[in-house]
Structure formats: C-alpha cells, structure tokens
Amino acid sequence: MTEDAMLRDILLDAAADEFAAELNDTTSIDASPRLRRQMTAMLSDPQGWVKRKRRPVWKRIARAAAVIVLTCALSLGALMAVSPAVRAGIINWAIEWYDTQIVYRFSGAQADDPGAYLPKYEVTMMPEGYEPYGEYIIPGSCDFGYVNDDGELLWFGYQRMTQGSALAIQEDTEGMTVYEVTVNGCKGKVYCPRDTDPNNIIVWIDEKNNLEFDISGFFGKDELLTMAQSVTQTGGGEIALPKYEITAMPEGYALLEESHAAEHSERYRNDDGDYLWFEYQPMMQGAAMSVSTKDVVVSEVKVNGCPGQLFHSLDKDMSSAIVWIDEKCNLKFLLDGFFSDQELLRMAESVSLCETAK
C-alpha cells in the first residue's frame, strides 16, 4: 500500500469516527427539487460544479478588447463556420454564434469622452439573501457581483455600445434554449445553456441610451426577466472611481496635488522634500503602471491577502515602491517613496475606502 493510500484510509477512518452520529442518522429529508438538481450536478461533475458556482465575471462574460483579440486569432475557416450575424439598424450591433460562446459585437460611434464613467444603475428587485461580492468599474463598463449563503453568484453588468466594444457569453451553445424577451420596451434574449443546474443569462439592448445590459445567475427565465425590468438609474451623474486613503500616513507629509479621473493619483511631500506617491487604477485594456527596476530587489508580498511586489531600491537616492492587485475590486495600487520595506507594507495594509465612499 502506498503512503497516499494509507493516508487516505486514515483520514476516512477519522472522518467516520467524528461524524458517526450523522452517518447513522437515517431520518429522511424532504429536499426541494432545486436542491436535488444541484446535488445531482455536483455528484456527476464535482470540479465542474465548483467552477460554475465560483466562476468570476471575466471568465463567463468577457467584454471589450479581449473579444477583439480573440476574433483576430480565429482562423479563416473558423470564421466561415460562424452563423450569419443578426444585425440591428441604428446602433448597428450584431450577435454571432460559435460552438463555445455567443458574441455581441458593437460598432456605434465613439463616446465624446471615452474615459468617462457610466451612470449608476441598480437592480431594485434583488433576490433575497444576496449581498455585494465585488464590483468592476472602468470607463464605459460596469459589473457588480452579489453572492448568497450557498455561494451562488449573481452578476449585473452594463456597458456603452461603441466601436470595438463587445460582450462574449462563454457557454456551450449546443442544446442551448434562447427566449426572445422585452425589457421595458427594449429587445432582449434569455440564454439557458443545457445543464442540470444552469447558470442562465439575460441580455438586453437599450438603443435610446446606447447601453447593453446583462444579468446572470442561477435563476429561471421569469426570475431574470423580473430583475431586468427592475433595473433603474439611481443617479444622474457618472460613477466615479472609489476614493481610497492611506490611514497610516507617515508623520509630516502633506498633500501637494491630487488627480481623480480614470485613475487616481496623489502626491505628498514632507519638510525635507521627500515625496510620497499613492496611485490606483482599474485594470482595463491599455492601462499600465510603471516602476523602475534598476538597482532594485523585487520580492513577493501579500497586502491584506492581495498579491503584490515590493521593489526595494539599493540606491539611497532612489525611492522604493510596493504594488499590489485587488482582484475583487479589479484595482491595482502603488505606493512609492523613501521608506523601508516594513513602512511601505504597513502603509499599503492601511489603505481603505474613505468613510464617505463606503
């Protein structure tokens, strides 16, 4: 018997002893049809079930330039296999079907300010038990995630329909059921993949406001349609990048300048003329953050559980920096200044949403 087999038997015996009462309990349980479907799906494909439950928005719904890159990579033969596009007139959007995904491609006029954020919309009839999970806000596109106690995710997103933007629904299209719907006068579709426990999606086009909306989750067609019809603009202004602050600011540093637009930047200085830079930005196509690596030792760090890198300068006349990524909020952060590694890490871990933004 191998060591792995021996360890497996030991763990199984220990589990049998610990949960003996539960295992010997033969009381019947009247499970709901939904729970039975979920258990069947989980037992038939445990790994696939977990992936579907926790699949992040960028794995299931890809937006904008990522789809363009994918399309450019397709061979001519693959493009020939695509069914004819269903095109709309004024906005000029198209739906393309592939074996493993459905692509909405948009070719409307560019926005007057491509870096502008969108107005705030909300699902006012949110299903009971769902709490905010994460949000991904970049100029021209917004995605909001919610999760319930069972770990089931609900995603609500929308984007401006401009030249080059797109939406890709990454699901097996074989056997998929599609329903034509109308959401507050706007044309839409509900996509229901062939699955024992489907994660369905509704997509609708608001041509008047030049916006595409979508909601996905473990819901039936009628539930998705009810949520879609409840979507309401909750503010006339645009969504701004959330405001973060360094709560453990070093003594003697005063704010010199601040820029708050598509990315946020703050510059501080102390009485000795030493600078401190604090920046953060959404992770989107074309966004970049530059850090010098000359005479620098790079080490991997964690900032409140988020992956990051510490750039320790070996030159006393050059500053050090720390960069970390908050995948849940889709943001990249940077702190740069004449500080020790411990000081930079302490400041980074102190960064939090301003009280007014919470």
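This is a predicted model: local features need pLDDT of at least 70, side-chain atom pairs count only at pLDDT 80 or more; totals for chains, interfaces and linings use all residues.
Visitor: What makes Phe213 count as buried or exposed?

Guide: Phe213 has a relative accessible area of 2%. Buried means under 20%, so Phe213 is buried.

Visitor: How do you know that S13 pairs with strand S8?

Guide: DSSP must find at least two bridges between two strands. Between S8, residues 153–160, and S13 there are 6 bridges, so the two strands pair, in the antiparallel sense. Within this pairing, Gly157 stands opposite Asp214.

Visitor: What joins strand S12 to S13?

Guide: S12, residues 200–206, is joined to S13 by 7 bridges, and the two run antiparallel. The requirement is at least two bridges, so S12 and S13 also count as paired. Ile201 in this case stands opposite Ser216. The hairpin of S12 and S13 has 4 residues between the strands, and Asn210 there takes a positive phi near 60°.

Visitor: How many aromatic pairs does the structure hold?

Guide: The structure holds 18 aromatic pairs. One of them is formed by Tyr133 and Trp155.

Visitor: Why is the pair of Tyr133 and Trp155 called edge-to-face?

Guide: A pair of aromatic rings is described by the distance of the centres and the angle of the planes. For Tyr133 and Trp155 the centre-to-centre distance is 6.0 Å, and the limit for a pair is 6.5 Å, so the rings pair. The planes are 85° apart, and over 60 degrees counts as edge-to-face, so that label applies.

Visitor: What does the pair of Tyr133 and Trp155 tie together?

Guide: Tyr133 lies in strand S6, residues 131–138, and Trp155 in S8, so the pair ties together parts that are 22 residues apart in sequence. Trp155 is buried at 4% relative accessibility.

Visitor: Why is the pair of Trp204 and Phe213 called stacked?

Guide: The ring centres of Trp204 and Phe213 are 5.3 Å apart, within the 6.5 Å limit, so the rings pair. Their planes are at 10°, under the 30 degrees required, so the pair is stacked. Trp204 has a relative accessible area of 3% and is buried. Both rings belong to one aromatic cluster, formed by Tyr121, Phe144, Phe156, Tyr158, Trp204 and Phe213.

Visitor: What makes the charged end of Lys221 count as sitting over the ring of Tyr179?

Guide: The charged end of Lys221 is 5.3 Å from the centre of the Tyr179 ring. The distance limit is 6 Å, and the position must also be within 35 degrees of the ring normal. The charged end of Lys328 sits over the ring of Tyr133, 5.7 Å from its centre.

Visitor: Which residues of the largest nonpolar core touch the most other members?

Guide: That core has 28 residues, and Phe156, Tyr158, Ile202, Trp204, Phe213, Ile215 and Val231 touch the most other members. Elements that each supply at least two residues include S8, S12, S13 and helix H8 (221–229). H8 gives the most, with 4 residues. Leaving out residues up to four places away in sequence, Val231 touches Tyr121, Glu122, Val123, Phe156, Trp204, Phe213 and Ile215. Another core, of 21 residues, lies apart from the largest one, with Ile246, Tyr280, Cys306 and Leu310 among its residues.

Visitor: Why is Asn184 called exposed?

Guide: Asn184 has a relative accessible area of 52%. Exposed means over 50%, so Asn184 qualifies. This residue is found in the loop between strands S10 and S11. Asn184 has a positive phi of about 50° although it is not a glycine.

Visitor: What makes Asp295 partly exposed?

Guide: Asp295 has a relative accessible area of 43%, which lies between 20% and 50%, so it counts as partly exposed. Asp295 is placed in the loop between strand S18 (275–282) and strand S19 (296–303). Its phi is near 55°, a positive value in a residue other than glycine.

Definitions and conventions
Residues are numbered from 1 along each chain as its sequence is written. Side-chain values use heavy atoms; hydrogens and water are left out. Buried means under 20% relative accessible area, exposed over 50%, partly exposed in between (1.4 Å probe, protein chains only). A nonpolar core is a set of buried Ala, Val, Leu, Ile, Met, Phe, Trp, Tyr and Cys residues joined through side-chain atoms within 4.5 Å. Contact means heavy atoms within 4.5 Å.
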